[in-house]
Amino acid sequence: MDLFKKCSESDVVKQAKEKGIYPYFHKLETKQGPEVVMEGKKIIMIGSNNYLGLTSNQEVIEAGVKALEKYGSGCSGSRFLNGTLDIHVELEKELAEFLHKEDAVTFSTGFQSNLGIISAIAGRTDYILCDKENHASIYDGCRLSFARMLRYEHSDMEDLERQLKTVPETAGILIVTDGVFSMGGDVCKLPEIVKLAKKYGARVMVDDAHGLGVLGKHGRGTAEHFGLEDEVDIYMGTFSKSLASIGGYMAAKKEVCEYVRHVSRPFIFCASITPASVACARKALEILKREPERVARLREISDYMRQNLRSRGVEIMENKEGTPIIPIYTYGNVRTFTACKLLFDDGVYVNSTVSPAVPVGKSLLRTSYMATHTEEEMDIAADKIKAVLDKVRDIAD
C-alpha cells in the first residue's frame, strides 16, 4: 500500500469545502483584539484565548520591540547550550515568585511544556492518572514518558479512586489534570483530587493554560481559586493565552525543576523562546500583577455574555466558576460548520469544535472572551448567534 494513501483529504474536509462551509484557516489581518479584520471583513472576535486582552497592549508590544533590537530575532540554540538569555532566567524567577513556587522552567511552547514535564517526571515503573478530557499535549506527554497511563472519567472522583486502588504500592503516581478544561470551560475538582493524592501517595500536576489570568483573586489560577496553592506539586501553563506571547512553563520545587532541566528532551533539544516572546510574556505578567482588576473584568464580561445567551434561549454548557469559555451546543458537524460560516459572514468569529476534540454527536461552537470586550459587542454577538442557530436548527449531518 502507498504510504501516502492516508494523506488524501478526508470526506468530511472535502464535503465541507465543496459546500463552502469549511471553517478553518481564516486569515487574520490585524492584531488579536475584541474586533479584528479577517479576509477584509470587520469581525467581533469571540474565538480567541487572549483572555486579558494584552496581545494588542502597547506596553507589551514595546517590550517585544526593545528585546528584538537588543537581542536579535532568535537565540540559535537550546537553553542547555548557547540559548539561555538573562531574560529567560529573569522570567523564570518572576513566574516562580508569582506562583509561590521555588523555581520555574520555561519551554518553547505550551505543548512542549507538557511533553517535557511529564516525560521527564514519569518513567516506565510509574503510573499516570489522566482525566479523559485532558488536553492532547498531556496525552502525548504520557506516551513519551513510557509510564502506565490510567484514564478516569471526566471529573469523576469515584472513578479516579477506583483507578488509584489498582496501582502497585511500589509505583510512583502522578495525577495530571487540566485546571480549566479547554473545550468545556469547566474547572477540575481540585480539592477532591488533592485529598485522593494524599490518601494514595500521589503527586499532583495541574495544566493551568486556561487558568492563569482567569481564576483566583490575583489571576494565579486554579490552585489560588481553591486556596490550594501549597498542595499542587507542579503547575504547567502557557504564555499564548493570558500572557500574550508564545511559550510555556512549569513551576515546582527547585529540585524538581533542576531535574527536568537536565533530563527533559523537549527542553534540551529545542531552541529557546525568542527574545521578543520572552519580553512580551514578562511585560504581560507585570501588567497582570499590577492590574488584577483585569481578572475581575474578564469574569464580569463572561458572566454578562452567559446571561445574554441564556436570555435568548441559546443552549450553552454551564459552569459555576464562570470561566471565559462558553461552549454552545450544535451537535452535528454540518450544522456546526454552517453556523460558523453564517456567523463569519455576519461579522462574528467563533470556533468550530467537532470530533475528535469532542465526542461524536456533541459538536459545538467554542466561544471565548476577553477582558477588553464591551457589553455592546456582547449584545451584538448574542443576537447574531441566536439568529444563526435558528437558521441551522433543522440541518442534519
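How much space lies in the second largest cavity? In this predicted model, the volume of the second largest cavity is about 50 Å³. Its lining consists of Pro23, His26, Cys340, Lys341, Phe344, Tyr349 and Val350. Helix H13 (residues 333-345) contributes three residues, the largest share of the lining of this cavity. By class, five of the lining residues of the second largest cavity are nonpolar, one is polar and one is charged.

In total, three cavities of 30 Å³ or more were counted. The largest cavity holds about 60 Å³. Arg79, His88, Thr106, Phe107, Ser108, Pro266, Phe267, Cys270, Ala271, Ser272 and Ile273 line the largest cavity. At least two of the lining residues come from each of strand S3 (103-107) and helix H10 (265-268). The lining of the largest cavity comprises six nonpolar, four polar and one charged residues.

The largest pocket has a volume of about 660 Å³. It is lined by 24 residues, and Glu133, Met183, Pro356, Ala357 and Val358 are the closest to its centre. Helix H5 (residues 136-145) provides four residues, the most of any contribution to the lining of the largest pocket. This lining is made up of 11 nonpolar, five polar and eight charged residues.

For the second largest pocket, the volume is about 500 Å³. Of its 27 lining residues, Asn49, His135, His210, Ser240 and Lys241 lie nearest the centre. Helix H4 (110-121) and strand S8 (234-238) each give two or more residues to the lining of the second largest pocket, with H4 giving the most, three residues. The lining of the second largest pocket divides into eight nonpolar, 15 polar and four charged residues.

Conventions: Residues numbered from 1 in each chain as written. Predicted model: local features only at pLDDT ≥ 70, side-chain atom pairs only at ≥ 80, totals over all residues. Heavy atoms only, no water. 1 Å grid on protein atoms, 1.4 Å probe; cavity = no way out; pocket = protein on both sides within 12 Å on 5 of 7 lines; lining within 4 Å. Points joined across faces, edges and corners; volume = space filled by probe spheres on them. Nonpolar A, V, L, I, M, F, W, Y, C, P; charged D, E, K, R; others polar.
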